[in-house]
Amino acid sequence: MAKEIHTIGVLTSGGDAPGMNAAIRAVVRQAISKGKKVKGIKRGYAGLLQEEIEDMEAKHVSDIIQRGGTILQTARCLEFKQPEIQKQAADICRKHGIDGIIIIGGDGSFRGAQRLAEQGINTIGLPGTIDLDIACTEYTIGFDTAVNTAMEAIDKVRDTSTSHERCSIIEVMGRHAGYIALWCGIANGAEDILLPEKYDYDEQKLVNHIIANRQRGKKHHIIVNAEGIGHSTSMAKRIEAATGMETRATILGHMQRGGSPTCKDRVYASTMGALAVDLLCEGKSNRVVGYQNGEYIDFDIDEALSMDKRISEYQYEICQTLSI
Ligand code: ADP
Ligand code: F6P
């Protein structure tokens, strides 16, 4: 028989993402509605190891659904990769009566969740990252807000770029994943997108494209460059020298990680948060919540982490085609 959960812990880990607060609120209130106790763990796995653990009641999550960031704070904790530290963390959970834990973060955080599950703590992961780079789900908490923030910023850069007939390189977040760049490329009508998964570092091709567009009368040339390619400022200098077109670089940076979550991020994060509690109450462990084909579903973490996610070839192609 599945073990009954009495106390649920919740933490956020890795990069923060708008909508994490909506997920925390849902976890706390769904758990309370099912007669469970909730403990908030501060600063991810680092805070767990430091026993930064506090009781959470319904009132502790009031007025947060609309706020970016995470009220639980977040951290990266490299020592959590060590087996003896993971065992220590599980003992701390037991000491505080936490028999189920919900971990909101990305792939790395899920690996930590897997280890805690192996140590006998029931765990459920929620996909929280602006990068959209979790293979088992078409949606991750924060992506919608981040990509809309980036899109609005790029629209603004485009206005001035057109007025001055310039080339603009706009760097968006995504060290290993090009989803923000791809979506902005399509949404902002960029002339070029540089994605870590795709870019061949053939700068001459970019230069030729800029010159050809210029000759066809284009008044600007927008290049959306993912952080994983980076070096936007030096690239701008080289492109200006090679094309004769004034070129500026804008690095959007961490503004993409903040701000009030969109309606979509609030609704999906709330639903996922409640579902994570339901799964724990059903006795499930070592699962992650995802969204696919219009449904909220859960996967075994091992299975989820072994899945592969690829940039859509079709969307990558049309991004170029539609900006002619
Ligand atoms: P994200 O969760 O957004 O992918 P990270 O990759 O930085 O972010 O991972 C967040 C945290 O998860 C790490 O700082 C570490 O505490 C934990 N973690 C990452 N990888 C592992 C692993 N292989 N084993 C145990 N814990 C891990
Ligand atoms: O959370 C994901 C992400 O924003 C990536 O897109 C980016 O590469 C990384 O986090 C940046 O992390 P840091 O907060 O350490 O600068």
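In this predicted model, helix α5 (residues 143-164) and helix α6 (residues 179-187) have axes that come within 10 Å and cross at roughly 50°. That angle makes α5 oblique to α6, since angles from 65 to 115 degrees would count as roughly perpendicular and those under 35 degrees as roughly parallel. The crossing of α5 and α6 is right-handed. On the α5 side the contact is made by F143, A146, V147, A150, M151 and I154, and on the α6 side by Y179, I180, W183, C184 and A187. The residues of this contact comprise 11 nonpolar, no polar and no charged.

Helix α6 also packs against helix α11 (residues 313-321), at an angle of about 40° and with the axes 9 Å apart. That makes α6 oblique to α11. The crossing of α6 and α11 is left-handed, whereas that of α5 and α6 is right-handed. Here α6 contributes L182, G185 and I186, and α11 contributes Q315, Y316 and C319. The contact of α6 with α11 divides into 4 nonpolar residues, 2 polar and no charged.

The remaining feature is a pocket. The largest pocket has a volume of about 890 Å³ and is lined by 32 residues. Of these, G14, G15, R76, G108 and S109 lie nearest its centre. Helix α4 (residues 107-118) supplies the largest share of the lining, 6 residues. By class, the lining of the largest pocket divides into 8 nonpolar, 13 polar and 11 charged residues.

Methods: Residues are numbered from 1 along each chain as its sequence is written. Chains are lettered from A and ligands numbered from 1 in the order in which they are written. This is a predicted model: local features need pLDDT of at least 70, side-chain atom pairs count only at pLDDT 80 or more; totals for chains, interfaces and linings use all residues. Side-chain values use heavy atoms; hydrogens and water are left out. Axes are lines fitted to C-alpha atoms, for helices over the stretch in contact, and angles run from 0 to 180 degrees between N-to-C directions. Helices (H or I, at least four residues) and strands (E, at least two) are DSSP runs, numbered from the N terminus. Angles under 35 degrees count as roughly parallel, over 145 as roughly antiparallel, 65 to 115 as roughly perpendicular and the rest as oblique. A crossing is left-handed if the near helix is turned anticlockwise from the far one by less than a right angle, and right-handed if clockwise. Contact means heavy atoms within 4.5 Å. Ala, Val, Leu, Ile, Met, Phe, Trp, Tyr, Cys and Pro count as nonpolar, Asp, Glu, Lys and Arg as charged, and the others, Gly among them, as polar. On a 1 Å grid over the protein atoms alone, a cavity is a set of points where a 1.4 Å probe fits but cannot get out, and a pocket is an open set with protein on both sides within 12 Å along at least five of seven lines; lining residues have an atom within 4 Å of a point. Grid points are joined across faces, edges and corners, and a volume is the space filled by probe spheres set on the points.
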